[in-house]
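Subject: Structure for your review

Dear colleague,

Please find below the structure that I am handing over to you.

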Amino acid sequence: MLMTLFDDEQIYKAFENDIKQETAKEVARNKAIFMIQKGKIDIDEIAEYFPELSEEDRKEIESQVLQQV
């Protein structure tokens with residue numbers, strides 16, 4: 001019984017951490033898009049200013065920004 005509760009708590013904490021990371025990543029994506037649209041940074045500078053974003057994220061942002069032009 002105690003082991004089950006411990007495992008459930010660990011699962012809950014891991015899930016909570018995943019949500020926090022995804023939220024932070026989404027905020028970074030939105031900020032990067034906003035800054036590119038305002039001309040504050042270039043697409044090539046995303047990695048420098050938003051290191052939490054992966055190469056795949058950067059490619060998706062580039063695609064999204066280019067579609068809006």
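Predicted model: local features only at pLDDT ≥ 70, side-chain atom pairs only at ≥ 80, totals over all residues.

The average pLDDT of the protein is 89, and 91% of the residues score at least 70. Among the elements, α1 has the lowest mean pLDDT, at 87, while helix α2 (residues 46-49) has the highest, at 95.

Overall fold

The protein contains 3 helices and 0 strands, and its pattern along the sequence is α-α-α. The C-alpha trace spans about 60 × 20 × 20 Å along its principal axes. The radius of gyration is 17 Å, whereas a compact globule of 69 residues would have one near 11 Å. Of the 69 residues, 19% are buried. The accessible surface amounts to about 5,600 Å², and carbon and sulfur atoms account for 54% of that area. Among contacts with a separation of 6 or more, 47% join residues 24 or more positions apart.

The nonpolar core

The largest nonpolar core consists of 10 residues: A28, A32, I33, I36, I41, I46, F50, L53, I61 and V65. Two elements, α1 (2-37) and α3 (55-68), each give two or more residues to this core. The largest share, 4 residues, comes from α1. In soluble globular proteins, nonpolar side chains tend to be buried together.

Leaving aside neighbours within four places in sequence, I46 is in contact with I36, I41, P51, L53, R58 and I61.

A buried arginine

Is R29 buried or exposed? R29, which lies in helix α1, has a relative accessible area of 13% and therefore counts as buried, the cut-off being under 20%. Where does its side chain find a polar partner? The side chain of R29 makes a polar contact with the side chain of E60, at 3.5 Å. Not counting residues up to four places away in sequence, R29 touches L53, D57, E60, I61 and Q64.

Yours sincerely

Note on methods
Residues numbered from 1 in each chain as written. Heavy atoms only, no water. Core = buried A, V, L, I, M, F, W, Y, C linked by side-chain atoms within 4.5 Å. Buried < 20%, exposed > 50% of the residue type's maximum accessible area, 1.4 Å probe, protein only. Contact = heavy atoms within 4.5 Å. Polar contact = N/O pair within 3.5 Å; in protein donor to acceptor, adjacent residues only side chain to side chain. Rg over C-alpha atoms; globule rule 2.2 N^0.38 Å. Areas by Shrake-Rupley, 256 points an atom, 1.4 Å probe, with all protein chains shown as cover. pLDDT = per-residue confidence, 0-100.
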